[in-house]
Amino acid sequence: MNRTGMLNEKLNVKVQDEYHAFIEKLKGLPPDKIIEHSYEKVFKEDLALALSEKTLSPDEAKAMLSLKYPLDALYQEWMKTDISYMDMLSDIVDNKVESAVKEMKMKNKER
């Protein structure tokens, strides 16, 4: 494995270890607190996956490795964005409603 691959693998291991520690912490919480952290759990899992699918340059990987908690840093960055996840979900709902109406109208015409 080349240097870039080794650094990326090291970063992915660090992020996975951080994620597993987060999950273990959640397991020790009462159910209502676990539910409060469910959004964070889902997005940290997705961010870890997104990072694992990237090949960072050696400098990028080293910079991320230098962070004490790179996964939490990614999550905090996500929380600062103005991207609305709800807008994406709303688009999906709108698209499905539109296609369901078209399907219903086509079925009614066939009758």
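Predicted model: local features only at pLDDT ≥ 70, side-chain atom pairs only at ≥ 80, totals over all residues.
Reader: Leaving aside the neighbours within four places in sequence, with which residues is His 37 in contact?
Author: Residues are numbered from 1 along each chain as its sequence is written, and side-chain values use heavy atoms, with hydrogens and water left out. Contact means heavy atoms within 4.5 Å. With the neighbours within four places in sequence set aside, the contacts of His 37 are Phe 22, Leu 26 and Leu 29.

Reader: Is His 37 buried, partly exposed or exposed?
Author: His 37 is placed in the loop between helix 2 and helix 3; helices (H or I, at least four residues) and strands (E, at least two) are DSSP runs, numbered from the N terminus. Buried means under 20% relative accessible area, exposed over 50% and partly exposed in between (1.4 Å probe, protein chains only). Because its relative accessibility is 25%, His 37 is classed as partly exposed.

Reader: How far apart in space are His 37 and Leu 26, C-alpha to C-alpha?
Author: Leu 26 is one of the residues in contact with His 37. The two are eleven residues apart in sequence, and their C-alpha to C-alpha separation is 7.8 Å.

Reader: Which element of the chain has the lowest mean pLDDT?
Author: The chain as a whole has a mean pLDDT of 93, and 100% of its residues reach 70 or more. Among the elements, helix 2 (residues 31-36) has the highest mean, 97. The lowest mean, 90, belongs to helix 6 (residues 85-110).

Reader: What distance separates the C-alpha atoms of Leu 11 and Leu 71?
Author: Leu 11 belongs to helix 1 and counts as buried because its relative accessibility is 1%. Beyond its neighbours within four places in sequence, Leu 11 is in contact with Leu 51, Leu 56, Ala 61, Met 64, Leu 65 and Pro 70. Leu 71 is 60 residues away along the chain, and the C-alpha separation is 9.9 Å.

Reader: How are helix 1 and helix 3 oriented to each other, roughly parallel or roughly antiparallel?
Author: Two packed helices are described by the angle between their axes and the distance between the axes. Axes are lines fitted to C-alpha atoms, for helices over the stretch in contact, and angles run from 0 to 180 degrees between N-to-C directions; under 35 degrees counts as roughly parallel, over 145 as roughly antiparallel, 65 to 115 as roughly perpendicular and the rest as oblique. The axes of helix 1 and helix 3 come within 10 Å and cross at roughly 170°. The two helices are therefore roughly antiparallel.

Reader: Is the crossing of helix 3 and helix 5 left-handed or right-handed?
Author: The axes of helix 3 and helix 5 come within 9 Å and cross at roughly 110°, which means that the two are roughly perpendicular. A crossing is left-handed if the near helix is turned anticlockwise from the far one by less than a right angle, and right-handed if clockwise. Helix 1 and helix 3 cross in a left-handed way. The crossing of helix 3 and helix 5 is right-handed.

Reader: Which residues of helix 5 make the contact with helix 1?
Author: The axes of helix 1 and helix 5 come within 8 Å and cross at roughly 80°, so helix 1 is roughly perpendicular to helix 5. Helix 1 takes part through Leu 11, Lys 14, Val 15, Glu 18 and Tyr 19, and helix 5 through Pro 70, Leu 71 and Asp 72.

Reader: What is the relative accessible area of Lys 44?
Author: Lys 44 is in helix 3. Not counting residues up to four places away in sequence, Lys 44 touches Tyr 19, Phe 22, Leu 71, Asp 72 and Tyr 75. Lys 44 is classed as buried because its relative accessible area is 5%.

Note on methods. pLDDT = per-residue confidence, 0-100.
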